[in-house]
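Subject: Structure handover

Hi,

I am passing this structure on to you. Please open it and keep it beside this email as you read.

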Amino acid sequence: MPVDPADHAAALRQYAAGVVLLTVRDDIDDVGTTVTSVMSVSADPPLIAVGLAADGYPAEVLQGIGSGAVNVLSTGQAILASRFASAGRPSARHLLESVPWHRAPVSDAIVLDEALTALDCTVASVVEAGSHVVVLLSVEGVPVLGDGDPLVRLRGRWADGVGAPLRRP
């Protein structure tokens, strides 16, 4: 018997997931999106995987450009996560007007100065996976390596690293 997509989504809301901001610099502008489907794949060579909606613009741009940055967000960056999770969002640079950032050396994507960490990546491969794509990224550098409490997504809410819900940012 097939699993109801609503049941699938409800079940996975019980799983706490780290929150990152994926950024890509294309020929026109900067693109950014909040992502919770991220995993470490290999330490040698350093590889991570991100899951993105196959029909979304961020997946299209990442695949077309071939590089981007993955910014691991802290509990103090829940507002940023919300901004970049909204549909119809403007340029990443407009959403980061008061946030310090710089360019990653390899991808030239936006790297948040106050991220917990940032990974400068190139696309190694893409796997179609139903309504999504899994993008395998080769980590080319770590332009930010900070410290703090990670932002997580649990039961449809932003939470701290131990799963306690955050107050409205």
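This is a predicted model: local features need pLDDT of at least 70, side-chain atom pairs count only at pLDDT 80 or more; totals for chains, interfaces and linings use all residues.

**Largest pocket**

Start here. The largest pocket has a volume of about 660 Å³. Its lining is made up of 26 residues. Closest to the centre of this pocket are Leu12, Tyr15, Ala17, Thr36 and Ser37.

At least two lining residues come from each of α1 (5-12), β1 (17-18), β4 (38-43), β6 (67-72) and β11 (152-154). Helix α1 gives the largest share, with four residues. By class, the lining of the largest pocket holds 17 nonpolar, six polar and three charged residues.

**Second largest pocket**

Next comes the second largest pocket, at about 320 Å³. It is lined by 15 residues, and the closest to its centre are Thr33, Thr34, Val35, Thr36 and Gly51.

The lining of the second largest pocket splits into seven nonpolar, seven polar and one charged.

**Helix α3**

Now turn to α3, which spans residues 78-85. Ala78, Leu80, Ala81 and Phe84 are buried in this helix. Look down the axis of α3: the buried residues fall within an arc of 160°, so they line one face of the helix.

What covers these buried residues? The cover includes strands β2 (20-25), β3, β8 (110-112) and β12 (157-159), together with helix α4 (92-95).

**A three-stranded sheet**

Last, the sheet. Three strands form an open sheet, and their order is β1-β11-β12. The pairing is antiparallel. Strands β1 and β12 are the edges, and each of them pairs on one side only.

Strands β11 and β12 are joined by three bridges. Within this pair, Val152 stands opposite Ala159 of β12.

The sheet links back to the other sections. Strands β1 and β11 each supply at least two residues of the lining of the largest pocket. Strand β12 is among the elements that cover the buried residues of α3.

Best wishes

Note on methods
Residues are numbered from 1 along each chain as its sequence is written. Side-chain values use heavy atoms; hydrogens and water are left out. On a 1 Å grid over the protein atoms alone, a cavity is a set of points where a 1.4 Å probe fits but cannot get out, and a pocket is an open set with protein on both sides within 12 Å along at least five of seven lines; lining residues have an atom within 4 Å of a point. Grid points are joined across faces, edges and corners, and a volume is the space filled by probe spheres set on the points. Ala, Val, Leu, Ile, Met, Phe, Trp, Tyr, Cys and Pro count as nonpolar, Asp, Glu, Lys and Arg as charged, and the others, Gly among them, as polar. Buried means under 20% relative accessible area, exposed over 50%, partly exposed in between (1.4 Å probe, protein chains only). The arc is that of the directions from the helix axis to the C-beta atoms. Contact means heavy atoms within 4.5 Å. Two strands pair if DSSP finds at least two bridges between them.
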